[in-house]
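Here's a quick briefing to read alongside the sequence and the 3D view.

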Amino acid sequence: MEVPIIDIAPLVDKSQKSSQVAAKIGQACREYGFFYITGHRVDKSLQAKLVELSRKFFALSLENKMKIKMLNGGIAWRGYFPCGEELTSGKPDVKEGIYFGEELDDENELVRQKIPLHGKNLFPELLPEFSSVVLDYMSSILQVGHVVLEGIAISLGLDKDYFYERYTRQPLQLFRIFNYPATKLDKNSSMWGVGEHTDYGLLTILKQDNCGGLQVKLKTEWIDVPPIDDSFVCNIGDMLDRMTGGLYRSTLHRVKCQTRADRLSFPFFFDPNFFVQVKKIDGLEEQKDDRNQRWDLESVHEFQGTYGQYLLKKVSKVFPQLKDNVLI
Ligand SMILES: O=C(O)CCC(=O)C(=O)O
Ligand SMILES: [Fe+2]
């Protein structure tokens, strides 16, 4: 079994072949919850620049990296975290990273109201180009996200703007750059780059370098999601699972520890607006409750409240120190 590769160029170009592409996306969402996309038209030189600057950033001394530590980002939840500080299911991941989001200045109404996860990014002063490259990349990927969601809407027999009109006119955007350092492991090591989990939002669009290590769980088997040139990996998150009554599953995935070389990855989380309540799509058949099989033993279908509330509950589990210090 291999995660399918889908050329989304017809969707990007809004050509007549869009419905065929949408059908492929629908099938991938039902069977895998994961697919590669090609034909996305995200500028190659921009991507290369992002990789180059990220390498430079992680090669800085810890002291220099800590100049933009997450604690300095406050409730905006931005900045650098060193290896071992982020937890998945209570266990530290073997990765370091930087958190970014939509760039909002202090005058922004949501920032003035001190809404968590909204605010300014932290960029390293030592790499002056970093900010424009990260922000340009985020805006390109955001467009890809809108296009893929159109395909998902069409695949469900909905109007192509279904998600845009209800959830993603002003989406929550979370972008991360991770470095998984090459690590010597004991034979019996139970360490992971990222432990098994599902993603919280609608859609994740991941750029990965050539190292590999990402795996997804299909029924009882873990399969590799190896790097494929000029593609992104898309996977659906808990909110799409919730909206489709489990028809489109948010699939478990994890990242192996790296042993040979450092691995860079760039997940962009394209999520519903912070203030909306995510509702089930009318007319789709309910699938069976998978709560007992889920990694967190919680049902994504039962939660009441806004997407922001759902997310903050999750954030406080992955960064307990941050929760104590800044979020609450
Ligand atoms: O680094 C990767 O390949 C995946 C990371 C991931 O699953 C996540 O951040 O949610
Ligand atoms: Fe993930």
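Is H253 buried or exposed? H253 is buried, with a relative accessible area of 5%; here buried means under 20% relative accessible area, exposed over 50%, and partly exposed in between (1.4 Å probe, protein chains only). Keep in mind that you're looking at a predicted model, where local features need pLDDT of at least 70, side-chain atom pairs count only at pLDDT 80 or more, and totals for chains, interfaces and linings use all residues. Residues are numbered from 1 along each chain as its sequence is written, chains are lettered from A and ligands numbered from 1 in the order in which they are written, and side-chain values use heavy atoms, with hydrogens and water left out.

**The iron site**
- H197 (NE2), D199 (OD) and H253 (NE2) coordinate the iron ion (ligand 2) at 2.1 to 2.2 Å; donors are N, O and S atoms within 2.8 Å of the metal (3.2 Å for Na, K and Ca), and with water not among the atoms, sites may look incomplete.
- Along the sequence, these donor residues follow the spacing H-x1-D-x53-H.
- D199 is buried too, at a relative accessible area of 6%.

**The whole chain**
- Count the elements and you get eleven helices and 14 strands; these are DSSP runs numbered from the N terminus, with helices being H or I of at least four residues and strands E of at least two.
- Of the 328 residues in the protein chain, 57% are buried.
- The C-alpha atoms fill a box of roughly 55 × 50 × 40 Å along the principal axes.
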